[in-house]
Amino acid sequence: MLDDKTFTLAEAHKHFAIKTNGEAWHLLEKPDRDSSDNENLIHLAHTSYYHWLQVGTELHHQRAEWLLSHMYAELDMAELAFKHAKRCQELTEKFKELMQD
């Protein structure tokens with residue numbers, strides 16, 4: 001039974017990082033997003049980012065920045081998209097050996 005299972009903090013962070021990342025991508029790919037979906041998308045992407053910062057590698061951090069940049073670009077929020085794209089580029093260059101895929 002799932003209720004009997006205990007999780008470490010790191011396991012919980014990883015679980016929520018993966019789950020919220022997937023939900024954010026689902027909303028990004030939704031063709032008929034409404035304003036409520038867009039608001040949820042922002043919260044999900046930032047939640048995923050936070051959890052990856054707790055337990056992820058530099059690769060996860062770079063991908064989280066990319067998700068934020070992509071999301072803000074899709075929402076026509078250019079200044080925030082550029083801010084996160086720039087940070088994504090910095091991480092990509094700094095940790096290029098991790099960016100094999």
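**Helix packing**

Start with helix α2, residues 35–55, and helix α3, residues 58–74: they pack at about 165°, with their axes 9 Å apart. Axes here are lines fitted to C-alpha atoms, for helices over the stretch in contact, and angles run from 0 to 180 degrees between N-to-C directions. Helices (H or I, at least four residues) and strands (E, at least two) are DSSP runs, numbered from the N terminus.

This is a predicted model, so local features need pLDDT of at least 70 and side-chain atom pairs count only at pLDDT 80 or more, while totals for chains, interfaces and linings use all residues. Residues are numbered from 1 along each chain as its sequence is written, and side-chain values use heavy atoms, with hydrogens and water left out.

Back to the pair. α2 and α3 are therefore roughly antiparallel. The cut-offs: under 35 degrees is roughly parallel, over 145 roughly antiparallel, 65 to 115 roughly perpendicular, and the rest oblique. α2 passes α3 in a left-handed crossing, where left-handed means that the near helix is turned anticlockwise from the far one by less than a right angle, and right-handed is the clockwise case.

Who makes the contact, meaning heavy atoms within 4.5 Å? From α2, Leu-41, Ile-42, Ala-45, His-46, Tyr-49, Trp-52 and Leu-53; from α3, His-60, His-61, Ala-64, Glu-65, Leu-67, Leu-68, Met-71 and Tyr-72. By class, that is eleven nonpolar, three polar and one charged. Ala, Val, Leu, Ile, Met, Phe, Trp, Tyr, Cys and Pro count as nonpolar, Asp, Glu, Lys and Arg as charged, and the others, Gly among them, as polar.

Next, α1 with α2. Their axes come within 8 Å and cross at roughly 150°. α1 and α2 are therefore roughly antiparallel to each other. Again, α1 passes α2 in a left-handed crossing. The contact includes Phe-16, Ala-17 and Leu-27 of α1, and Leu-44, Tyr-50 and Val-55 of α2. The classes are 13 nonpolar, eight polar and three charged residues.

The crossing is left-handed. Asn-21, Ala-24, Trp-25 and Leu-28 in α1 meet Trp-66, Leu-67, His-70, Met-71 and Glu-74 in α3. That contact divides into six nonpolar, two polar and one charged.

Now the rings. How many aromatic pairs does the structure hold? One. Rings of Phe, Tyr and Trp (its six-membered ring) pair if their centres lie within 6.5 Å; planes under 30 degrees apart are stacked, over 60 edge-to-face, and the rest tilted. Trp-25 and Trp-66 have ring centres 5.4 Å apart and planes at 20°, so the pair is stacked. It links distant parts of the chain: Trp-25 sits in helix α1 (residues 9–29) and Trp-66 in helix α3, 41 residues apart.

Finally, the whole chain. It has four helices and zero strands, in the pattern α-α-α-α. Its C-alpha atoms fill a box of roughly 45 × 40 × 20 Å along the principal axes. On confidence, pLDDT is the predictor's confidence in each residue, from 0 to 100. The chain mean is 94, and 97% of residues reach 70 or more.

Technical notes
Contact means heavy atoms within 4.5 Å.
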